[in-house]
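Please read them with the structure open.

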Amino acid sequence: MKLYNQFLRLRAQYGESNEISVTMDELAVTFDCTHRNALSIINKMTQHGWVRWTPRRGRGSRSRLEFLVKPEEIAAKSMMQAINRRDIRKAMDQIHTYSPSASLQDRLQGWIMSYFGGHSEIRRNRQIDTLRLPVRQKLYTVDPLYMNLLAESFVSSHVFDGLVRRDGQTQQIVPGLAHAWEANAERTVWTFYLRKEVLFHNGKMLTAEDVVYTFERLMRTSQRTLYSFMFRQIQSVTALNPLTVIMELKEPNELFLSFLCTSRAAIVPKDLDQLGEQQFGLKPVGTGPFRLTEMSENLCCLEVFSHYFQGRPHLDRVEIIHVPWESADHPGDSSSPFHVIHNPASAEAGAWSQIHSDVTVRKFVTCNTEKEGPLRNQEVRARIITCLRGEEGPPASNAASKAESEASISLQIATIPQYRQDADLIAARLEEAGYACSVASVPVEDFKGDVRLQSDLILFSLIRDRDEQLRLFDLYLTAAEHVEPHTRIDIEKLLRKIGNEPDEQARAEGLAKLEALLIRENHLHILYERPVQTAYLPSVRGVTFNSQGWVDLRHVWFPPTSI
């Protein structure tokens, strides 16, 4: 690998000329080594047939060096070695560094993508089917409590199960680890009846104590995570017997069952199988169709769990590999966990298939009126939001002019690193209108902390999937923390009504009213909405989606072309 890079460095140093005149001193500088090592490097390249070296004796004499291969050929070989070693990041970096032409980048990208997809082999008279998937987000943890990214949720949904789940086709809530459940007349006490003899990946049997531990862990956490409002609504969790769990809520909420379908509410073993909080996120133990066997910065390996209570998946192994390739249309946007192949027609005919789900990402900006400053003036907010729309706003009234003149000229925008590009564009647009802006970008796990309340504008997103109502409820509850008191009261009153509403359509109408209220009072501006990027995967069969729009790996299979 090192010799490849030394050759590419040499070519980069001397341009496109196929023959150069050079001294050993110059070669030593290029390779950043001694004369002896520089000569050794040239001799190795000569043995590989990459160069022809004609030395000339005497101090200061210039020798002749002929290049016999193109740098693209060496870059490709180096890249393929990196792929075989699963060092995809290095392969990507080499493409960008050593492949100036777009056509060559497309070809090398195609070679990388050929690594992915379905692969079969025979081991001890058994057919082993492996699916390799590229993801655009790096994985940090798959612990249901601590995960924050879409790709982490995707992996977690195949390692863990919840008490119930939402059917990807009918959207109905159906049995999971609980084969049945019931609620009292007030909808505050829920009883769940667990399946018998469900196994965790470590061979231990699931019991009601694991369910109690899971939800008490959520209730105890200080983490401010998605759906944490639902943790706080749980009054108690009790194991009536080894297969029966009773959960009592402080008040009824018709989104409770929807919450139990999410990856956040997945059941973990009691005491995390003694692994500890940090290790459990990297070496999780669940009841899901796949068990996680390896997790590193660039690679996550899942292997089939043959004793899965809902039937063995068709696949034997799934390799999920981080590919940091930016979308040409939306560089820097990692909303989609899957890699997008921009020109699937360039692959072999019939080798690629397009898969997508009806999931979109909506980007929002909200105004923090909890913070002392000009945004407490509704007219000022209106002028800023009009500016974000790219429109020319009405002349400021005396009150608005006074608020703007007395306030700090600087506006801080809070966001997360994945949305930094959007935040920079907003800042640039506001600066054109005379507002000085700064961007505070913090990790996802810190975003619900103090940085929001210390900022003037808050940029975030909403995944619009089959859990949209649950996500909107969480979104507006969070937004209520940084609006004026009278608006906060209106939001909380509407949310309480929505939570008590059993009719799904009526809840949707209530959430729409909330959105209209925030927009009308210039607390909320929708930047844009885009579909979660279409993913192209090598042709596989049995592709279905779960309620969050993820490909359900339980049903995926592919006919081997050759073994």
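This is a predicted model: local features need pLDDT of at least 70, side-chain atom pairs count only at pLDDT 80 or more; totals for chains, interfaces and linings use all residues.

1. Contact here means heavy atoms within 4.5 Å. On that basis, Ile320 touches Leu133, Val135, Leu139, Phe154, Val155, Asn298, Leu299, Cys300 and Leu302, with residues up to four places away in sequence not counted.

2. Which residues touch the most other members of the largest nonpolar core? They are Val155, Leu163, Phe215, Phe259, Ile320 and Leu430, out of 114 residues in that core. As background, nonpolar side chains tend to be buried together in soluble globular proteins.

3. Now the overall figures. The chain has 563 residues, and 51% of them count as buried. Its secondary structure comes to 19 helices and 21 strands. Take the contacts between residues at least 6 apart in sequence: 67% of them join residues at least 24 apart. The chain exposes about 26300 Å², of which carbon and sulfur atoms supply 47%.

4. Helix α2 spans residues 24-31, and its buried residues are Leu27, Ala28, Thr30 and Phe31. They sit on the same side of α2, because they cover an arc of only 160 degrees around the axis. Their cover includes α1 (2-14), β1 (19-22), α3 (35-47) and β2 (51-54). Just after α2 comes Asp32, with a positive phi of about 55 degrees.

5. Is strand β5 (residues 126-135) largely enclosed or open? Eight of its 10 residues are buried, so the rest of the structure largely encloses β5. Strand β4 (residues 117-123) runs antiparallel to β5, and seven bridges join the two. Glu121 has Ile128 in β5 as its bridge partner. The two strands, β4 and β5, form a hairpin with two residues between them. In that turn, Arg124 has a positive phi of about 50 degrees.

6. β5 also pairs with strand β14 (residues 317-322): six bridges join them, and they run parallel. Val135 has His322 in β14 as its bridge partner. Val135 is also among the residues touched by Ile320.

7. Next, an open sheet of four strands. The order is β8-β9-β11-β10, and the pairing is antiparallel. At the edges are β8 (178-183) and β10 (234-241), each pairing on one side only. Direction ignored, neighbouring strands of this sheet are turned by 20 degrees against each other on average. β10 and strand β11 (residues 244-249) are joined by six bridges and run antiparallel. Thr238 stands opposite Ile246 in β11.

8. What packs on this sheet? Helix α8 (residues 208-220) does, touching β9 (189-194), β10 and β11. The direction of α8 makes about 170 degrees with that of β10.

9. His179 is placed in strand β8. It counts as partly exposed because its relative accessibility is 45%. Residues up to four places away in sequence aside, His179 touches Tyr193, Leu194 and Arg195. His179 and Leu194 are 15 residues apart along the chain, and their C-alpha atoms are separated by 5.9 Å.

10. Is Ser228 buried or exposed? Ser228 counts as buried, because its relative accessibility is 7% and the cut-off for buried is under 20%. Ser228 lies in helix α9 (residues 228-232). Apart from neighbours within four places in sequence, Ser228 is in contact with Gln223 and Asp474.

11. Last, Glu297, in the loop between β12 (290-295) and β13 (299-304). Its relative accessible area is 45%, so Glu297 is partly exposed. Neighbours within four places in sequence aside, Glu297 is in contact with Lys138 and His322. His322 is also the bridge partner of Val135. The C-alpha atoms of Glu297 and Ile321 are separated by 9.1 Å, with the two residues 24 apart along the chain.

Methods:
Residues are numbered from 1 along each chain as its sequence is written. Side-chain values use heavy atoms; hydrogens and water are left out. A nonpolar core is a set of buried Ala, Val, Leu, Ile, Met, Phe, Trp, Tyr and Cys residues joined through side-chain atoms within 4.5 Å. Buried means under 20% relative accessible area, exposed over 50%, partly exposed in between (1.4 Å probe, protein chains only). The arc is that of the directions from the helix axis to the C-beta atoms. Two strands pair if DSSP finds at least two bridges between them. Axes are lines fitted to C-alpha atoms, for helices over the stretch in contact, and angles run from 0 to 180 degrees between N-to-C directions. Accessible areas come from the Shrake-Rupley method with a 1.4 Å probe; for residues, only the protein chains shown count as cover.
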